[in-house]
Amino acid sequence: MTNPGEVLTLVEEDPDNLSEIDSNKRKWLKVRRQNEEGASELQVQESVNPTAIVADFIRQHSASGKLVARSLFLLPPYSLTEEDLMPLLETLSQEEALADITCIQGTEDDYFYSTHTMTANYADMCVQVMEKDICRAIAAAVRFDCQTYPRPYKVAMLELLPYCFEAQQIEAALAAMDTHPDYADIRSVASSNAVPYLFSERFMSYGKAYGLCEWLEVEQYQNP
């Protein structure tokens with residue numbers, strides 16, 4: 001079996017925006033030109049721990065608000081085999097110095113992030129966006145705000161990071177949620193100046209939701 005420290009590879013044109021990562025953080029990669037053979041070989045500097053490399057890669061993605069999917073390492077330019085990837089990830093989860101690296105399971109893949117720069121709630125939102133589960137993403141955001149703060153969820157927030165949903169996507173998702181039993185608790189409410197919000201009947205009544213969105217959009221500006 002190939003040593004994981006020898007199989008992590010990188011192409012010069014990186015489809016995963018690695019160009020955004022500080023080049024000093026990638027000094028473990030070098031290009032060895034084999035001029036006499038007319039070919040190029042990419043290899044990892046032997047002195048660097050591959051587990052630390054992966055952890056640093058995940059941390060940098062987390063710092064920019066992105067998750068790292070497990071499947072990423074199985075695809076080009078990395079092209080790790082399962083035999084190489086499994087022990088590497090096991091070591092990643094066992095080392096105390098890497099305790100901030102966390103795995104979250106989605107329906108389509110496992111995803112990694114660093115708790116140093118990303119919360120579990122934000123990571124969960126990113127998973128739903130990556131898996132294009134808009135209805136579930138909306139419901140989770142609404143329920144979280146209603147339970148945690150508590151407050152209704154402003155619909156316009158869905159157009160911002162990490163969602164960046166378009167208005168048509170939001171409208172279509174809300175229409176689908178109206179008839180789906182899994183989202184029967186998600187209800188609409190609007191302030192007197194017609195700013196739309198959503199709330200979950202699991203955590204607040206319509207009256208409370210209306211009162212809160214009215215305060216957020218109208219009353220707090222009338223009573224500074």
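The legends below describe close-up views of a predicted model.

Residues are numbered from 1 along each chain as its sequence is written, and side-chain values use heavy atoms, with hydrogens and water left out. In this predicted model, local features need pLDDT of at least 70 and side-chain atom pairs count only at pLDDT 80 or more, whereas totals for chains, interfaces and linings use all residues.

**View 1. A hairpin joins strand 4 to strand 5.**
Helices (H or I, at least four residues) and strands (E, at least two) are DSSP runs, numbered from the N terminus. Two strands pair if DSSP finds at least two bridges between them. Strand 4 comprises residues 101–105 and strand 5 residues 110–114; the two run antiparallel and are joined by five bridges. The hairpin passes from strand 4 to strand 5 through four residues. Within the pairing, Cys103 stands opposite Phe112 of strand 5. In a regular strand the side chains alternate between the two faces of the sheet.

**View 2. Arg70 forms a salt bridge with Glu82.**
A salt bridge is a side-chain nitrogen of Lys or Arg within 4 Å of a carboxyl oxygen of Asp or Glu. In this pair, the closest N and O atoms are 2.9 Å apart. Strand 3 spans 68–69 and helix 3 spans 82–94. Buried means under 20% relative accessible area, exposed over 50%, and partly exposed in between (1.4 Å probe, protein chains only). Arg70 counts as buried because its relative accessibility is 17%, whereas Glu82 is partly exposed at 34%. Contact means heavy atoms within 4.5 Å. Leaving aside residues up to four places away in sequence, Arg70 touches several residues, including Leu85, Asp109 and Phe112.

**View 3. Phe73 is buried in the loop between strand 3 and helix 3.**
The relative accessible area of Phe73 is 3%, so this residue counts as buried. Not counting residues up to four places away in sequence, its contacts include Val54, Phe57, Val68, Tyr78 and Leu85. Phe73 and Leu85 are twelve residues apart in sequence, and their C-alpha atoms are 7.6 Å apart in space.

**View 4. Asp145 forms a salt bridge with Arg151.**
Which of the two partners is buried, and which is partly exposed? Asp145 is buried, with a relative accessible area of 9%, and Arg151 is partly exposed, at 35%. Their closest N and O atoms are 3.4 Å apart.

**View 5. Glu217 forms a salt bridge with Lys154.**
The closest N and O atoms of this pair are 3.1 Å apart. The pair links distant parts of the chain, since Glu217 belongs to helix 7 (residues 206–222) and Lys154 to strand 6 (residues 153–154), 63 residues apart. Glu217 is buried, at 14% relative accessible area, and Lys154 counts as partly exposed, at 29%. Salt bridges that share partners also join Arg143, Asp185 and Arg202 into one network.

**View 6. Three strands form an open sheet in the order 6-8-7.**
The pairing in this sheet is antiparallel. Strand 6 and strand 7 (186–190) stand at the edges with a single partner strand each, so one side of each is left without a neighbour in the sheet. Two bridges join strand 6 to strand 8 (residues 196–200), and Tyr153 stands opposite Leu198 in strand 8.
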